[in-house]
Amino acid sequence: MADPTLHVTRLQEAVTAVERMLEDYARSRSRTGLRYEQPAPHAAGLGAPAEGSALDALGGWFSLTPFELAVVALAAGFEISPDMANLCALAQGDPAVTYPTSLLALAVFADLEGASQAAFAPSAPLRFWNLIAVERSQPGSRLQLRFAMPDAVLSFLVGQPVLDDALADIVRPLDLAPQLPADAALARRLARTVHASGTDATLHLAAEPGRRALGVAAGAALALGYLPFHLPSPASPPRPSATASSACGSATGSPCAARCSSRSRSRPASSSSARSRG
C-alpha cells in the first residue's frame, strides 16, 4: 500500500482548495449588490491528481465528476478541518448552519463539471455507493440536503481503510495461501494476467470453494497487492451501500472483499474475485 502520507497530503490539498472556494463565495455574499463570480476554470479544481492517492482512486473507481469529487472533499473537510464548520456558516449566511448542504455545494461548485441537483439523487454515485450520507436539513425541504461522510470512506481517504460495519458480520478475511507449488505458480500467473488486462479487469475462478481454490484466489489477490476477503456463497449479497464501502477498502492495495464491484450494479457472479488497481 502507498505511504499514508500521500493520501493525507492529497486530501488536505483538495480540502484547502474547497476552503478557498468557500472563502471566496462568503466574501462575495458579504458585499451588497455584488454577484458571486466563479473562479477561472484552472483555479476551480481540487489540485492535480496524485497517482496512487486514495482520493483520486475513489474518483476513478466510481467515475465521479469534478463536482462530485468536490462534494467528497467538502464532506471530508468537515471531518478533518477545524475551519470548515465556520466557513460553511459564513458561506450560507447563517451562523446556525455549520455543516455542508447540497445547495451550498451547488452554489460554490457551480462552475465544476457535473454540477447538478441530480448528483444528490439516490441513484447517483454519491448516494448509491454511500460515499456521503444525507438527511433533510429543513423539515419539508426536498432540495436542501445536509450531508456528511461515513467513517469507512473517511478512513479510506486518509490511507487507513477499514471494513464497513455493514459487511463485518458476513465478510471474513481470507487467511489462506496456495497449498502446492503448482497452485502458487497458478496464482502468480493469474495475477500477471489481471495486471496486464487493465484497470477494469476482474478475475473469476470457476471452482468449488474449497481450501485449495480459495488459497489460489488469496495468492492471486496478494500478488496484486490486495488483502483478500471472502463472502461465503450462501450469504445474501450486501446492499449497495455496503458494497461501496467494501470497494473503497480495496483501492490502493487495501483489503479486497470477495463479490464486490465498484462499477457494476448487477449481482456479482463469483464468490472469489480480485479487481486490478487503476
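The buried residues of helix H9 pack against strand S4 (202-204) and helix H10 (211-223). The model described here is predicted.

## Helix H9

Helix H9 covers residues 181-197, which is 17 residues. From its first C-alpha to its last, H9 reaches 24 Å, close to the 24 Å expected at 1.5 Å a residue. The buried positions in H9 are Asp 183, Ala 187, Leu 190, Ala 191 and Val 194. They cover an arc of only 100 degrees around the axis, so they lie on the same side of H9. An α-helix has 3.6 residues a turn, so residues three or four places apart point the same way.

What does the face of H9 turned away from its buried side carry? It carries the exposed residues Pro 181, Ala 182, Arg 192 and Ala 196. After H9 comes Gly 198, and its phi is positive, near 110 degrees.

Asp 183 also takes part in a salt bridge, with Arg 212 as its partner, and the closest N and O atoms are 2.9 Å apart. This pair links distant parts of the chain, since Asp 183 belongs to helix H9 and Arg 212 to helix H10, 29 residues apart. Asp 183 counts as buried because its relative accessibility is 5%, below the 20% limit. Arg 212, at 44% relative accessibility, counts as partly exposed.

## Salt bridges

How many salt bridges does a search of the whole structure find? The search finds 4. Side chains of opposite charge can pair when their charged atoms come close.

Glu 13 and Arg 10 both belong to helix H1 (residues 4-30), and because they are 3 residues apart they are separated by about one helical turn. Glu 13 is partly exposed, with a relative accessible area of 38%. Arg 10, at 3% relative accessibility, counts as buried.

Salt bridges with shared partners join Arg 10, Glu 13 and Asp 56 into one network.

## Aromatic rings

The structure holds 5 aromatic pairs. One of them is formed by Phe 120 and Phe 147, whose ring centres are 5.8 Å apart. The planes of these two rings stand at 35 degrees, so the pair is tilted. Phe 120 lies in the loop between helix H5 (102-108) and helix H6 (125-128), while Phe 147 lies in strand S2 (residues 145-148). The two residues are 27 residues apart, and their pair links distant parts of the chain. Phe 120 is buried, with a relative accessible area of 2%, and Phe 147 is buried with a relative accessible area of 2%.

Phe 128 and Trp 129 form another aromatic pair, with 4.9 Å centre to centre. Why is this pair edge-to-face? The planes are 90 degrees apart, and pairs with planes over 60 degrees apart count as edge-to-face, so the pair falls in that class. Both Phe 128 and Trp 129 are buried.

Phe 67, Phe 109, Phe 120 and Phe 147 are linked by ring pairs into a cluster. A ring also meets a charge elsewhere: the charged end of Arg 146 sits over the ring of Tyr 99, 4.0 Å from the ring centre.

## Backbone angles

Most residues other than glycine have a negative phi, and most peptide bonds are trans. Ser 63 is not a glycine, yet its phi is positive, about 50 degrees. Ser 63 lies in the loop between H2 and helix H3 (66-80). Its relative accessible area is 49%, and Ser 63 is partly exposed.

Asn 130 also has a positive phi, near 60 degrees, in a residue other than glycine. Asn 130 is found in the loop between H6 and strand S1 (133-136).

How values were computed: Residues are numbered from 1 along each chain as its sequence is written. This is a predicted model: local features need pLDDT of at least 70, side-chain atom pairs count only at pLDDT 80 or more; totals for chains, interfaces and linings use all residues. Side-chain values use heavy atoms; hydrogens and water are left out. Rings of Phe, Tyr and Trp (its six-membered ring) pair if their centres lie within 6.5 Å; planes under 30 degrees apart count as stacked, over 60 as edge-to-face and the rest as tilted. Helices (H or I, at least four residues) and strands (E, at least two) are DSSP runs, numbered from the N terminus. Buried means under 20% relative accessible area, exposed over 50%, partly exposed in between (1.4 Å probe, protein chains only). A charge sits over a ring if NZ of Lys or CZ of Arg is within 6 Å of the ring centre and within 35 degrees of the ring normal. The expected span of a helix is 1.5 Å times one less than its number of residues. The arc is that of the directions from the helix axis to the C-beta atoms. Contact means heavy atoms within 4.5 Å. A salt bridge is a side-chain nitrogen of Lys or Arg within 4 Å of a carboxyl oxygen of Asp or Glu.
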